[in-house]
Amino acid sequence: MNNVLQFGLQSSAIYVAKSLRVGSSFVGVGVGTRSFNKRLMSNATAFSINNSKRKELKIPGAAINQNCHQMGSDTDRDEMGTLQDDRKEIEAMTVQELRSTLRKLGVPVKGRKQELISTLRLHTDSNLPDQKETSSSTRLDSVTIKRKISNREEPTEDECTNSEAYGIEHGEKRVKQSTEKNLKAKVSAKAISKEQKSLTRTGKQQIQSKEETSSTISSELLKTEEIISSPSQSEPWTVLAHKKPQKDWKAYNPKTMRPPPLPEGTKCVKVMTWNVNGLRGLLKFESFSALQLAQRENFDILCLQETKLQVKDVEEIKKTLIDGYDHSFWSCSVSKLGYSGTAIISRIKPLSVRYGTGLSGSDHDTEGRIVTAEFDSFYLINTYVPNSGDGLKRLSYRIEEWDRTLSNHIKELEKSKPVVLTGDLNCAHEEIDIFNPAGNKRSAGFTEEERQSFGANFLDKGFVDTFRKQHPGVVGYTYWGYRHGGRKTNKGWRLDYFLVSQSIAANVHDSYILPDINGSDHCPIGLILKL
């Protein structure tokens, strides 16, 4: 088997031979320039390079298969003689000529003249036919040069760090390059370790053969390709991403973790909620189609947060609604235009609708953060909980005023009917709900104060986190920041919820996340409630 993988560089190419043992046949590893293509196919053909003074440097062909040459043949002896002449020509070359020649070969050109001569000699010697044994130092230098060539187009560590600011596509490239680099280093370490063990056992300089090294490198590179091309690249949410995962935790996969559909005729309601981070921008998103989403999910009610609409925009937006969803209710911020905003869009006509908490003189109701719809068997509250902000400027307002007021509002409604509370609650309640818990102890949405308030004002008062109840050990996120391309690597937060009254918790058929829906830094989540 003699497959050759080619990795293109600006002026050079690396040929990594996929090496497998089949009977007595082996395949080796060759490193050379693009101009060596013909030489690799012909063992006795010499390659010439014209430098600035029109001198010719002849480099003998490199063997691909050990069976291609017989040691001591006339061809080999001729090439050895040519090589001695070439060494003299190399020593006579100027620094400029040496650097020019090395650049054409795709080899690093830094260093003094003697170092350049040694590097060019090493490159020439490495192409001797059927060279099976070299000294340890020469072999290690060769591996280093090959690795430098193979990494020539890879960004530096600083460049990789800076690429995160460019978002998703750079994040994926950085992961791929890092994986390949680490595996190559690992292979080199393994080869050195085997050589040292061999020297200890025999007391002789027995170096691992090129064929064995090729086999190891090829297998590791194939593993790298499998990792890079795995389905997890298109479905990153199926990969467990967490800084401190517990041994029994699993990544959320909606394809395998959702229950089967309810039997036809079962009375139920399907509610979806989504922080759209600007409804106008979402409607312009090329790959988004509200019609496709409605057809795919067939929801009865859709709750939106962070619409960022003004009152004057509502009527225009209503005209774009899908047929059948004839009942929509919008709450817009009046204290800060183009900010916050919530909405409920339904094909079921509610019995009543109210906006805000209903408290007279309350500051909570000026930012358009709550819409409450009453249906036959439950109340639905759609809310966008205030973020504590940069520097936690609104933390005290959030936990001492907002959470308490919302909790009291819910408990008052619950006196007559069960309540479903949904929306962006802006809190990752447990460590399982955030990728990096240790690094976000003082970040808005994961402070100890917010998490305790979430528990005290909602969960401890009889409301059930439906997703966590259905999936107690599952890591599923609903928000990924744009800044570092977190969605591609599944480094996110779970900020969006369906909390229900304890009295109807057993009626929840499914509480799920749709991480494949793009268009916002949040994704939609859904609830199927049997009536």
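**Exercise 1.** Determine how the residues lining the second largest cavity divide into nonpolar, polar and charged.

*Solution.* The structure is a predicted model, in which local features need pLDDT of at least 70, side-chain atom pairs count only at pLDDT 80 or more, and totals for chains, interfaces and linings use all residues. Residues are numbered from 1 along each chain as its sequence is written, and side-chain values use heavy atoms, without hydrogens and water.

Step 1. A cavity is a set of points on a 1 Å grid over the protein atoms alone where a 1.4 Å probe fits but cannot get out; lining residues have an atom within 4 Å of a point.

Step 2. The lining comprises D465, T466, F467, R494, D496, Y497, F498, S511, Y512, I513 and I525.

Step 3. Ala, Val, Leu, Ile, Met, Phe, Trp, Tyr, Cys and Pro count as nonpolar, Asp, Glu, Lys and Arg as charged, and the others, Gly among them, as polar. The division is therefore six nonpolar, two polar and three charged.

**Exercise 2.** Identify the strand order of the six-stranded open sheet and the strands at its edges.

*Solution.* Step 1. Strands are DSSP runs (E, at least two residues), numbered from the N terminus; two of them pair if DSSP finds at least two bridges between them.

Step 1. The order is β11-β12-β13-β14-β17-β15, with mixed pairing.

Step 2. β11 (352-355) and β15 (463-465) are the edge strands; each has a single partner, so one side of each lacks a neighbour in the sheet.

Step 3. Within the sheet, β12 (residues 370-374) pairs with β13 (residues 379-384) in the antiparallel sense over five bridges. T372 has I381 of β13 as its bridge partner.

Notes: Helix = DSSP H or I, 4+ residues; strand = E, 2+ residues; numbered from the N terminus. 1 Å grid on protein atoms, 1.4 Å probe; cavity = no way out; pocket = protein on both sides within 12 Å on 5 of 7 lines; lining within 4 Å.
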